[in-house]
Amino acid sequence: MNFEKALEELQTLKDVRPEICKKIKNHNLPVIVFGAGVTAKHVTEVLKSHGVEVSGYARDGEYYKPNKTYLGRPVYNFDELATTPEKYIFILAITDDGSNSRAYKFMKDNRIIKYAFSYEFNSKNLNYEYISANREKFSETFYWLADEFSKQTMIEFLKLKITHDLAYNFETYRPDQYFNEITNGVLTPNWGGGYVDCGAFNGDTVEGFINWSGGNYEKIFAVEADPMNFAALEKFIQEKNYQNVVAINCGVWNEKTTLNFSDTNNFGSSVSEDGKIKINADTVDNITGGEKISFIKMDVEGAELPALQGAVETIKKYAPTLAICAYHKTEDLITLPQFIKNLNLDYKFYLRKYALASDTELVLYAIP
């Protein structure tokens, strides 16, 4: 695969949302947004900016409750509306992923007239102009990638960012985030060591690591900044009775400090100048105290680079496997691989995409 040719193709691509909205209006039917959460709010704003008014929202299964409204519009039972599909236009507005997910089933539902586009939760200026202006740096990252599928994943992700067309996720989507065919190669009999989970959320990736490693670890450092997420994390670890797992309520940064933080009490909480609460932050080097670390995962909502800067001594000493989210900042595909490359540890880079219905969950792997 050739980056220069891919760049030529990127220049020809356009945002699909205006054309989708034109088609929606031509149907002249009530518009129902499938979803009634933060994604639905953003999708509604995009639709409104293109002259499309939303008539209501829909939820299915356990998520539906009668007599509810969202953004001043009624929330319907999707399964009931789908019995008369000729009466409505449906727009996807949920971001769960995988071949068994509600989003996937919605897109495969042949009963209904449906449309979907990605909403930019992150890296909002990652457009052709930015890519072209930084073509040498993007090209560098591209040619550092160790396999053709990683290169394809990078190009398809850039296409997605330019067009907002979810079709660019379909060929490169993979279901097993962090613990998979890329990282399996490090699991040798003498592997052991510790795992640092930066952005441990509610414990799902702690559990994923324990299952993947077969319990072959010395210690897990589960780091979560959001106070409510941290409470759920602690409860989860206690209920599972996991051994040698330490939950730490702080952010990861390039120094020990206090930071402004915007908490959503769910996913997406992040360090922010406008954040209304203060959190303690520390470095991975300080948190681990020099203990042997074999795997570091980072999903810290845009703080990945300073978090890596605060893990330099640990990385240099132990060359752990790195799984770093690379979609929060416009420059992530440049700065994150460059920083790791400049450590001169002969890491091999891979790129995989794990979200089918959004522009999120792009992970950069560095394998020793």
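Biologist: Which residues are linked with E9 in a network of salt bridges?

Modeller: Good place to start! This is a predicted model, and in it E9, E156 and K159 are linked in such a network.

Biologist: What is the general idea behind a pairing like that?

Modeller: Side chains of opposite charge can pair when their charged atoms come close. Here, K159 forms a salt bridge with E9, and their closest N and O atoms are 3.1 Å apart. The pair links distant parts of the chain: K159 sits in helix α8 (residues 148–163) and E9 in helix α1 (residues 3–12), 150 residues apart.

Biologist: How many salt bridges does the count come to?

Modeller: The count comes to 15 salt bridges. One of them joins K297 and D197, with the closest N and O atoms 2.8 Å apart. K297 belongs to strand β14 (residues 293–298) and D197 to strand β7, so to speak two distant parts of the chain, 100 residues apart.

Biologist: How accessible are K297 and D197?

Modeller: Both can be read from their percentages. K297 is buried, with a relative accessible area of 2%, and D197 counts as buried at 0%.

Biologist: Which residue forms a salt bridge with R352?

Modeller: That partner is E181, and the closest N and O atoms of the pair are 3.3 Å apart. R352 lies in strand β16 (residues 348–353), while E181 lies in the loop between α9 (167–170) and β7 (194–198), so the pair ties together parts 171 residues apart in sequence. R352 is buried too, with a relative accessible area of 5%.

Biologist: Now for helices. How do I describe two that pack together?

Modeller: Two packed helices are described by the angle between their axes and the distance between the axes. Take helix α7 (residues 135–144) and helix α15 (residues 332–341): they pack at an angle of about 60 degrees, with their axes 9 Å apart.

Biologist: Why are α7 and α15 called oblique to each other?

Modeller: Look at the cut-offs: angles under 35 degrees count as roughly parallel, and roughly perpendicular runs from 65 to 115. The angle here is about 60 degrees, and α7 and α15 are therefore oblique to each other. As for handedness, α7 passes α15 in a left-handed crossing.

Biologist: Which residues make the contact?

Modeller: From α7 come K137, F138, E140, T141 and W144, and from α15 come L333, I334, P337, Q338 and K341. Sorted by class, this contact has five nonpolar, two polar and three charged residues.

Biologist: What separates the C-alpha atoms of K68 and Y57?

Modeller: A distance of 9.8 Å separates them, and the two residues are 11 residues apart along the chain.

Terms used. Residues numbered from 1 in each chain as written. Predicted model: local features only at pLDDT ≥ 70, side-chain atom pairs only at ≥ 80, totals over all residues. Heavy atoms only, no water. Axes fitted to C-alpha atoms, helices over the stretch in contact; angles between N-to-C directions. Helix = DSSP H or I, 4+ residues; strand = E, 2+ residues; numbered from the N terminus. Parallel < 35°, antiparallel > 145°, perpendicular 65-115°, else oblique. Left-handed = near helix turned anticlockwise from the far one by under 90°. Contact = heavy atoms within 4.5 Å. Nonpolar A, V, L, I, M, F, W, Y, C, P; charged D, E, K, R; others polar. Salt bridge = Lys/Arg side-chain N within 4 Å of Asp/Glu carboxyl O. Buried < 20%, exposed > 50% of the residue type's maximum accessible area, 1.4 Å probe, protein only.
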